[in-house]
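This report describes the fold of one protein chain and then turns to selected side chains. The reader may wish to keep the structure in view while reading.

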Amino acid sequence: MTDRPPLPPPHLRDPGDAWVEGPDGTKYWGRFGAAGLLAWHVEAGILLQHRAAWSHHGDTWGLPGGARKQGESAQDAAVREAVEEAGVPPDEVSLLFESVYDIGFWSYTTVAVRVDRLFAPLVADAESVAVRWVPLDDVDALPLHPGFAASWPALRERLSLH
């Protein structure tokens with residue numbers, strides 16, 4: 001198992017990189033919410049990230065994404081995180097839709113994009129064990145991040161409209 005990489009000193013960290021605790025004690029990452037990129041290519045499927053074991057819900061598959069910075073839009077955050085974690089070329093994607101999970105004190109926005117030109121994803125940081133294209137019919141066979149697993153059926157349905 002890979003050890004968690006050290007965090008930057010507090011004065012260099014973004015204020016959004018923090019846990020938010022719900023009334024029931026459940027923790028959510030991202031003081032200003034979080035966002036992930038659902039990158040879809042009509043032939044290759046969707047781009048999924050195998051999360052490092054040390055991460056929250058580690059050793060599961062989900063979307064590249066993470067905490068939003070203060071004042072950052074969900075779309076900008078999702079694209080930034082996908083570039084950082086999977087090498088997604090931002091000029092090769094087109095916005096399809098956004099889906100928001102909002103529980104009042106925290107929200108997660110899935111930003112769905114069409115990949116205009118297929119690219120080879122890469123493991124671009126320590127948060128990923130692997131990053132790969134997964135055909136739509138194969139997604140459910142993977143051990144999915146619980147949040148992504150819950151949202152996947154509705155997201156897949158919306159993709160089918162495009």
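## A salt bridge at the last helix

At 27% relative accessibility, R156 counts as partly exposed. The model discussed here is predicted. The side chain of R156 meets that of D137 in a salt bridge, with 2.5 Å from N to O. D137 lies in the loop between β9 and α2, whereas R156 belongs to helix α2 (146–159), so the pair ties together parts that are 19 residues apart in sequence. D137 itself is exposed, with a relative accessible area of 64%.

## Overall fold

The protein chain contains two helices and nine strands. Read from the N terminus, its elements follow the order β-β-β-β-β-β-α-β-β-β-α. The C-alpha trace spans about 45 × 35 × 30 Å along its principal axes. For 162 residues, a compact globule would have a radius of gyration near 15 Å, and the value of 15 Å for the protein chain agrees with this.

Buried residues account for 44% of the 162 residues. Among contacts between residues at least 6 apart in sequence, 62% join residues at least 24 apart. The accessible surface comes to about 8,600 Å², and 53% of it belongs to carbon and sulfur atoms.

Helix α1 comprises 13 residues (74–86), which should span 18 Å at 1.5 Å a residue; its end C-alpha atoms are 17 Å apart, in agreement. Its buried residues include A74, A77, A78 and V79. Among the elements that cover the buried residues of α1 are β3, β4 and β8. Just after the helix, G87 takes a positive phi of about 70 degrees.

An α-helix has 3.6 residues a turn, so residues three or four places apart point the same way. R80 counts as buried at 18% relative accessibility, while E84 is partly exposed at 37%. A network of salt bridges links R80 and E84 with E72 and E81.

## H50 in strand β4

H50 lies in strand β4, which covers residues 45–51. Is H50 buried or exposed? With a relative accessible area of 15%, H50 is buried. Its side chain is joined to that of D59 by a polar contact of 2.8 Å. Leaving aside residues up to four places away in sequence, H50 touches several residues, including T60, W61, E127 and V129.

Methods: Residues numbered from 1 in each chain as written. Predicted model: local features only at pLDDT ≥ 70, side-chain atom pairs only at ≥ 80, totals over all residues. Heavy atoms only, no water. Helix = DSSP H or I, 4+ residues; strand = E, 2+ residues; numbered from the N terminus. Buried < 20%, exposed > 50% of the residue type's maximum accessible area, 1.4 Å probe, protein only. Polar contact = N/O pair within 3.5 Å; in protein donor to acceptor, adjacent residues only side chain to side chain. Contact = heavy atoms within 4.5 Å. Expected span 1.5 Å × (residues − 1). Rg over C-alpha atoms; globule rule 2.2 N^0.38 Å. Areas by Shrake-Rupley, 256 points an atom, 1.4 Å probe, with all protein chains shown as cover. Salt bridge = Lys/Arg side-chain N within 4 Å of Asp/Glu carboxyl O.
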